[in-house]
Amino acid sequence: MASSILSDRTSKTIIGCIIAELLAFTPESATELVKDICETLILSFAPQLRNLGLNVINDLLAHPILEIQELAARILLNHETRVENLPPEIIESLLASPYESLRAIGIRLFGQLPDEKLIGEERTLIVAMAVNANAEIRNAIQPIIRRLGTAYPAFAMQIASDFIEILLIPEQYEGVHSYLVRLLREDLQGWMSNTSKDIALKLLQTQSSAAQELGGFVLGANYQNCLAEFYTSEIVKLANHEILSVRQAAQQMFLQILDTLRADSQEMLAAVRVLEAKWQDSREFALKIFTTEFSSNEFTPEVLVSICDSVREEARRLGRDLLTRNFHTENGEEYLWKFSEHPSADMQLFATNYLEKYAVNNPERLQELMPFFISVLCRVNRGSVAKKLIFTFLEAKAQKSEAAAKIVAEIMTRQSATMAIGDKAAAMQIMLKIHKIYPEISLPVQVKAVSEVRK
């Protein structure tokens, strides 16, 4: 037949006979012959099939054998009747077919409808295909969505809004949310920069990790437009989010509020909480920011104490470094009080090390610190590092001058009656040394001569 030249009339007669034979096949009698016949028709009579009657095509579509249904669908793809003039039930039947090959052809036919129809009355059907339980249908409609979204920005905005509404509710079919997020990011452009903060936050509040991820991307694309709507504490919370895109958006937002932090110590106080984030990337970001972006004027005692009070060792290390570089004597006592109460031994050690800076060779300052010394030494079963260092410090100062020794003697006298046995021994040792150097200072100790030891 490929080498024969047949008249149009003869061709149509042959087509009619062949189709009549095809329709007579039953699923039980179907063989490879059916597939071969369908291929022969498509290859040998393509021009004549373009105007095949729609009633005949419907008969082929209604046949129980898949290959015969596929023949009808392939004829429709090249038919002279414009898709918009086809009976709607034809495309609907293809889209609803249980066979993937027929659904794919149905979506190709659907995509040939006029753009005005697709972006208008058919938008709802496009959305339905995009959230279909069958991944093949979702993948088949994706090129059509991409084409329409590129050509019609308003359509991109509308269908993006439709998809976001679906992302805000629990996922009906597995994989749909991830598919929609990928489609929104890769195939629809321009909608993110026009999306509000409220929508982004609603996405973050869903149980869907895919929806939350999209919320992070929306914030990242739109943060400059809505930055004024966020408190510093909210940005810090976002920087601690489990979704990477959310944390990355928060970091970009953080960089935009540095001037606000420099001007407002309370905002700075809220910002340093990012140093305690659960995620390493956020902590590394914060460590870099607070190391390089601020001067000593921005690190008030309250801010430094807050950093040093962190539960994370790397944040405390940063706090100690900042405090060393920005120490002001007038704030020394505040630092001592705060850090000596910290449960971590590294901060207790750091606090007592400040005694040398704050009270070196200064009996008046030593007198001012009496409440601090008494408070630390009174603690039961805690602050052992601080206690040990304070005992060492007071013992050394008591030997410097009589004025200092009197102050230390008063502290030891007040505490010796209430101390635990281990601490009391240290207090007694200090008092004995004071008595030896300054016997005129009154102490609650009585030194007795050692009696002769008899052998």
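Student: Leaving aside neighbours within four places in sequence, which residues is Leu54 in contact with?

Tutor: In this predicted model, once the neighbours within four places in sequence are set aside, Leu54 is in contact with Leu76, His79, Leu86 and Pro87. Leu54 itself lies in helix α4, which covers residues 54-61, and its C-alpha atom is separated by 9.6 Å from that of Ala72, 18 residues apart along the chain.

Student: And what is the relative accessible area of Leu54?

Tutor: Leu54 has a relative accessible area of 24% and is therefore partly exposed, given that buried means under 20% and exposed means over 50%.

Student: Okay, switching to Ser282. Is that one buried or exposed?

Tutor: Ser282 counts as buried because its relative accessibility is 0%. Ser282 lies in helix α19, residues 280-292, and, apart from neighbours within four places in sequence, it is in contact with Ala239, Arg247, Gln251, Val274 and Ala277.

Student: Pockets next. Which residues line the largest pocket?

Tutor: The lining of the largest pocket consists of Leu201, Leu204, Gln205, Phe230, Glu234, Lys237, Leu238 and His241, and the volume of this pocket is about 240 Å³. By class, its lining residues divide into four nonpolar, two polar and two charged.

Student: Which helix gives the most to that lining?

Tutor: Helix α15 gives the most to the lining of the largest pocket, with three residues. Both α13 (197-204) and α15 (232-238) supply at least two lining residues each.

Student: How about the second largest pocket, what volume does it have?

Tutor: The second largest pocket has a volume of about 160 Å³. There are 13 residues in its lining, and those that lie nearest its centre are Pro88, Ile91, Leu113, Lys117 and Glu122. Helix α6, residues 88-95, gives the most to this lining, with four residues, and by class the lining has nine nonpolar, no polar and four charged residues.

Student: Moving inside, how many residues does the largest nonpolar core have?

Tutor: The largest nonpolar core has 110 residues, and those with the most contacts inside it are Ile141, Phe163, Phe254 and Phe290. Apart from that core lies another, of 29 residues, including Leu366, Phe372, Ala409 and Ile430. As general background, nonpolar side chains in soluble globular proteins tend to be buried together.

Student: What does Phe163 touch, not counting residues up to four places away in sequence?

Tutor: With that exclusion, Phe163 touches Val127, Ala130, Ile145, Leu180, Leu183, Leu184 and Leu188.

Student: Why is helix α20 described as largely enclosed?

Tutor: Seven of the eight residues of helix α20, residues 301-308, are buried, so the helix is largely enclosed by the rest of the structure. The buried residues in α20 are Pro301, Val303, Leu304, Val305, Ser306, Ile307 and Cys308.

Student: Last one, the overall view: how many helices and strands does the protein have?

Tutor: The protein has 28 helices and zero strands. Of its 455 residues, 46% count as buried, and its accessible surface comes to about 23,500 Å², of which 51% belongs to carbon and sulfur atoms. Among contacts with a separation of 6 or more, 64% are accounted for by residues 24 or more positions apart.

Conventions: Residues numbered from 1 in each chain as written. Predicted model: local features only at pLDDT ≥ 70, side-chain atom pairs only at ≥ 80, totals over all residues. Heavy atoms only, no water. 1 Å grid on protein atoms, 1.4 Å probe; cavity = no way out; pocket = protein on both sides within 12 Å on 5 of 7 lines; lining within 4 Å. Points joined across faces, edges and corners; volume = space filled by probe spheres on them. Nonpolar A, V, L, I, M, F, W, Y, C, P; charged D, E, K, R; others polar. Core = buried A, V, L, I, M, F, W, Y, C linked by side-chain atoms within 4.5 Å. Buried < 20%, exposed > 50% of the residue type's maximum accessible area, 1.4 Å probe, protein only. Contact = heavy atoms within 4.5 Å. Areas by Shrake-Rupley, 256 points an atom, 1.4 Å probe, with all protein chains shown as cover.
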